[in-house]
Amino acid sequence: MLARIASAAVLGIDAYLVDVETDVAGGLPTFATVGLPHGAVKEGRERVNAAIQNAGYEFPLRRITVNLAPADIRKEGSAFDLPIALGVLAATGQVDAERLAGWLVLGELGLDGEVRPIRGALSAAVAAERAGCVGLILPAANVREAAVVQGLDVRGAASLAAVVGHLDGGTALPRASVDVAALFDGPATDDVDFGEVKGQEHAKRALEVAAAGAHNMLMVGPPGSGKTMLARRLPTILPAMSLAEALETTKVHSVAGVLPAGEALLTRRPFRAPHHTISDAGLIGGGSWPRPGEVSLAHNGVLFLDELPEFRKNVLEVLRQPLEDGSVTLARAATTLTFPARVTLAAAMNPCPCGYHGDPLRACTCSGSAVRQYLSRVSGPLLDRIDLHLEVPAVRWRDLTDHRATEPSAAIRERVARARRIQQERFAGRRLVHANAHMTPRDLREHCRLADGADALLKSAIARLGLSARGYHRTLKIARTIADLAGAAAVERPHVSEAIQYRTLDRGRA
């Protein structure tokens, strides 16, 4: 007898529907899975066998063939265990096959019949809703994540027996629901705040500009000057995520298997800080069947790279595409996948190997050639893709011991959100441009008109600093953001003057 059950598989961060066809026929006892199964899918037959028997049902000693269609796409993961088990039970008459019509089923099985969590539940729920499925049956641990998709009947199961009972008209599986609006209405619970930062007013202003325009930034300063402290507080001044951003970010984390247990939706912007020993595949994603890397896990949030020159050169160079395009494309022999990677890069480095080059209080022990060699570890093309270059000096004693309250993150975030709203109106209807950092040369001509005096100042800076075309465009984008923070329609001389200050390394290379 033949049984068909709808399921889904993840490709990139999106899911596509898979028909699980199970045929139980006469012949010598065998269990064959076809349709390009790989790894955990192949091993699933042993889990299915044990789970069916340990749940109290009969596993047929006959010829079982399972086909995963479409058969020309490789299938990975353990989520096919539950639909295969139900297919075997339906094909042998132990489950009413008609009650499975229109339902999409996912779940990993334990040997005792327990239904265990899977990756990519949100992506599967989106695919089920778009395909017009009646509902979705999946592990109880994943129901909140899937229930974010409105209009879909989501049922969570703890065991194979519970699913069979639901299909046979016994105890119904509980229907899951999530109030999406309430997820965004919750109070901010940041563990860190800009109010804790003493001094460094220039650096805090630069981070405000970076947050307001989604600009990448590089902080250069001696050890202990507060570079890491500042970077970790950058997410606290970024504007709140939209529902579309939250869904896409949650998809990435779900597919990568790092979504916190029981989490319905990531409503806070992610902060990722990989160690400098990370590989290029770990940073941008990879593997024989590519998975998201750190740059995609930081999508719509902050990617912090501390001790930037200590990262291997090949690791830093692979950042060029995601910083420019906001996505990562990974090509393999079997497939080509694209992961989202629209991040705000915050990087930090010392000015030399010992860390004290240019420090007024401590002498640098590095030779001139050692300083130049250290700085050259970060290539010019990569620096051109970083909008703000910022010097972060050591904190002065009087600032460190000053007990007066400093401006909290909430106040800065209000100004940032106001500037972002201006940019949203400016780029309304654009799919790939959401903030000033994403502007194309055409956008620069249209939205970055310079007031009298500002163009002459910028021309002089280009001649002095030797800015590349990309560096010139970066300076214009920063000036536009500063103007937005000030509520100015045109880019004026003070805005350009401040923007030029944020190209420190251009001055060093000129």
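Q: Where is the place of arginine 474?
A: Arginine 474 sits in helix 20. The model is a predicted one.

Q: Buried or exposed?
A: Arginine 474 is buried, because its relative accessible area is 5% and buried means under 20%.

Q: What is arginine 474 in contact with, leaving aside its neighbours within four places in sequence?
A: Arginine 474 is in contact with Glu324, Asp384, Arg385, Asp387, Ala437 and Arg503.

Q: And which of those meets the side chain of arginine 474 in a salt bridge?
A: Glutamate 324 does, with an N to O distance of 3.5 Å. This pair links distant parts of the chain: arginine 474 belongs to helix 20 (residues 469-486) and glutamate 324 to helix 13 (residues 320-325), 150 residues apart. Glutamate 324 is partly exposed, with a relative accessible area of 36%.

Q: Which residues do salt bridges that share partners join into one network?
A: The network consists of Arg205, Glu208, Glu407, Arg415 and Glu498.

Q: How many salt bridges does the count come to?
A: The count is 26 salt bridges. One of them pairs the side chains of arginine 233 and glutamate 196, at 2.6 Å from N to O.

Q: Where do arginine 233 and glutamate 196 lie?
A: Arginine 233 is in the loop between helix 8 (227-232) and helix 9, while glutamate 196 is in the loop between helix 6 (180-185) and helix 7 (201-213), so the pair ties together parts that are 37 residues apart in sequence. Arginine 233 is buried at 8% relative accessible area, whereas glutamate 196 is partly exposed at 38%.

Q: What does arginine 269 form a salt bridge with?
A: Arginine 269 pairs with glutamate 245, and their closest N and O atoms are 3.1 Å apart.

Q: Is arginine 269 buried or exposed?
A: Arginine 269 is buried, with a relative accessible area of 15%. Glutamate 245 is partly exposed, at 24%.

Q: Staying with helix 9, at what angle do the axes of helix 3 and helix 9 cross?
A: The axes of helix 3 (residues 121-130) and helix 9 (residues 243-256) cross at roughly 125° and come within 7 Å. The two helices are therefore oblique to each other.

Q: Which residues in helix 3 meet which in helix 9?
A: On the helix 3 side they are Ala121, Leu122, Ser123 and Val126; on the helix 9 side they are Leu247, Thr250, Lys251, Ser254 and Val255. By class, this contact has five nonpolar, three polar and one charged residues.

Q: How many residues of helix 3 are buried?
A: Eight of the 10 are buried, so helix 3 is largely enclosed by the rest of the structure. The buried ones are Ala121, Leu122, Ser123, Ala124, Ala125, Val126, Ala127 and Ala128.

Q: What covers the buried residues of helix 3?
A: The cover includes strand 1 (2-11), strand 2 (14-25), strand 5 (103-105), strand 8 (135-139), helix 4 (143-146) and helix 9.

Q: And what comes just after helix 3?
A: Glycine 132 is there, with a positive phi of about 75°.

Q: New topic. How many residues has the largest nonpolar core?
A: That core has 47 residues, and the ones with the most contacts inside it are Leu207, Met217, Met219, Leu230, Leu390, Val496 and Tyr502. Helix 7 gives the most to this core, with seven residues.

Q: What does leucine 390 touch?
A: Residues up to four places away in sequence aside, leucine 390 touches His202, Ala203, Ala206, Met217, Leu218, Met219, Val220, Tyr502 and Thr504.

Q: Last bit, the whole chain. How many helices and strands?
A: The protein chain has 22 helices and 19 strands. Its C-alpha atoms fill a box of roughly 85 × 45 × 45 Å, taken along the principal axes.

Q: What share of the 510 residues is buried?
A: Buried residues make up 52% of them. Among the contacts with a separation of 6 or more, 73% come from residues 24 or more positions apart.

Conventions: Residues numbered from 1 in each chain as written. Predicted model: local features only at pLDDT ≥ 70, side-chain atom pairs only at ≥ 80, totals over all residues. Heavy atoms only, no water. Axes fitted to C-alpha atoms, helices over the stretch in contact; angles between N-to-C directions. Helix = DSSP H or I, 4+ residues; strand = E, 2+ residues; numbered from the N terminus. Parallel < 35°, antiparallel > 145°, perpendicular 65-115°, else oblique. Contact = heavy atoms within 4.5 Å. Nonpolar A, V, L, I, M, F, W, Y, C, P; charged D, E, K, R; others polar. Salt bridge = Lys/Arg side-chain N within 4 Å of Asp/Glu carboxyl O. Buried < 20%, exposed > 50% of the residue type's maximum accessible area, 1.4 Å probe, protein only. Core = buried A, V, L, I, M, F, W, Y, C linked by side-chain atoms within 4.5 Å.
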